[in-house]
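Here's a quick tour of one protein model and its ligand.

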Amino acid sequence: MIRNDIAKAGLQKTLNTREEIGFSENVESWKESKAIFDEHSLRIENHPVMEDWEDGYMKHLAKVASLRQGRVLELGFGMGISAKYIQENPIKQHVIIEANNDVFDKLLEFKRNASIEVLPLKGFWQDITKDLEDESFDGILFDTYPLTKEEVHGNHFPFFSEAYRLLKPGGVFTYYSDEPENISDFHKEKLVLSGFSNINFELCEVEPPKNCEYWTHKTIVVPIIIK
Ligand SMILES: C[S@@+](CC[C@H](N)C(=O)[O-])C[C@H]1O[C@@H](n2cnc3c(N)ncnc32)[C@H](O)[C@@H]1O
């Protein structure tokens, strides 16, 4: 999404806010940084990483990622909201990658109480997914967080080609879209360049609180990308 489109879509405030909060020069510090959970949110390095008004959106993403049942890969555990909803589907195995140590501890607790097998993998997905087999997943849900200013609104793009490689034919990929109304040509082009041609979406209605630092719209796109 080019800068003008960002402004038009009302996302400019988000860009400034995240840039204002700033990013550590050493991305590795994210792993050790304290994760501050309260009843409604998760903050790391002062960033608003996750908030529970996204509950309905996470439920929708989880439904899409679990459409083919089987093995589901999730990237970014956060508050475990989408993970909880994925577990409500009759899938066979739930593989979850998480980089932050404190959040990973929550993931281990989640695994202990899960009814469907959870395989937790610790670290940045960039270091982990290359060791996962081609065409070994039926569904993928990608929801990490930008760790540099260059990744703001685009932290999912480098994963698109990995999603294509990891999905079985017919498998479904969804992700925190960062788009309010449709999949823009800019995003579509990135998906097509990564191998996808079956690109659809549904809209999810959301009600972010007025003080939300990263979302102001009443809808958000739920991508349904089939290999
Ligand atoms: C937005 S939260 C995920 C929210 C989650 N879907 C939920 O429902 O609660 C993003 C998570 O991704 C993790 N993360 C950020 N960058 C990552 C990376 N490169 N690899 C793995 N995990 C990452 C963060 O530590 C954080 O826990």
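## A strand on the inside

Strand S10, residues 219-226, is largely enclosed by the rest of the structure, because 8 of its 8 residues are buried. Keep in mind that this is a predicted model. Which residues cover the two faces of S10? On one side sit Thr219, Val221, Pro223 and Ile225, and on the other Ile220, Val222, Ile224 and Ile226, and all of them are buried.

S10 has strand partners, too. With strand S9 (residues 198-205), S10 pairs in the antiparallel sense over 8 bridges; here Asn200 stands opposite Ile224. Strand S8 (residues 167-175) also runs antiparallel to S10, joined to it by 2 bridges. On that side, Val172 has Ile226 as its bridge partner.

## The largest pocket

Now for the open space. The largest pocket has a volume of about 590 Å³, and 41 residues line it. Nearest its centre you'll find Gly76, Asp143, Thr144, Tyr145 and Asn155. The elements giving two or more residues to this lining are strands S2 (41-44), S3 (47-51) and S5 (93-98), plus helices H5 (81-86) and H7 (125-128). The largest share comes from S3, with 3 residues. Sorted by class, the lining has 24 nonpolar, 11 polar and 6 charged residues.

## Around the ligand

There are 24 residues around the ligand, and those that come nearest are Trp30, Met79, Ser82, Glu98 and Asp143.

| Residue | Atom in the residue | Ligand atom | Distance |
|---|---|---|---|
| Gly80 | backbone N or O | oxygen | 3.2 Å |
| Glu98 | side-chain N or O | oxygen | 2.6 Å |
| Gln126 | polar side-chain atom | nitrogen | 3.0 Å |

Last stop: the loop between S2 and S3, which is where Asn46 has its place. Is Asn46 buried or exposed? Asn46 counts as exposed, because its relative accessibility is 51% and the cut-off for exposed is over 50%. Asn46 and Gly76 are 30 residues apart in sequence, and their C-alpha atoms are 17 Å apart in space.

Definitions and conventions
Residues are numbered from 1 along each chain as its sequence is written. This is a predicted model: local features need pLDDT of at least 70, side-chain atom pairs count only at pLDDT 80 or more; totals for chains, interfaces and linings use all residues. Side-chain values use heavy atoms; hydrogens and water are left out. On a 1 Å grid over the protein atoms alone, a cavity is a set of points where a 1.4 Å probe fits but cannot get out, and a pocket is an open set with protein on both sides within 12 Å along at least five of seven lines; lining residues have an atom within 4 Å of a point. Grid points are joined across faces, edges and corners, and a volume is the space filled by probe spheres set on the points. Helices (H or I, at least four residues) and strands (E, at least two) are DSSP runs, numbered from the N terminus. Ala, Val, Leu, Ile, Met, Phe, Trp, Tyr, Cys and Pro count as nonpolar, Asp, Glu, Lys and Arg as charged, and the others, Gly among them, as polar. Buried means under 20% relative accessible area, exposed over 50%, partly exposed in between (1.4 Å probe, protein chains only). Two strands pair if DSSP finds at least two bridges between them. A residue is near a molecule or strand if one of its heavy atoms lies within 4 Å of it. A polar contact is a pair of N or O atoms within 3.5 Å; within protein, one must be able to donate a hydrogen and the other to accept it, and residues adjacent in sequence count only if both atoms are side-chain atoms.
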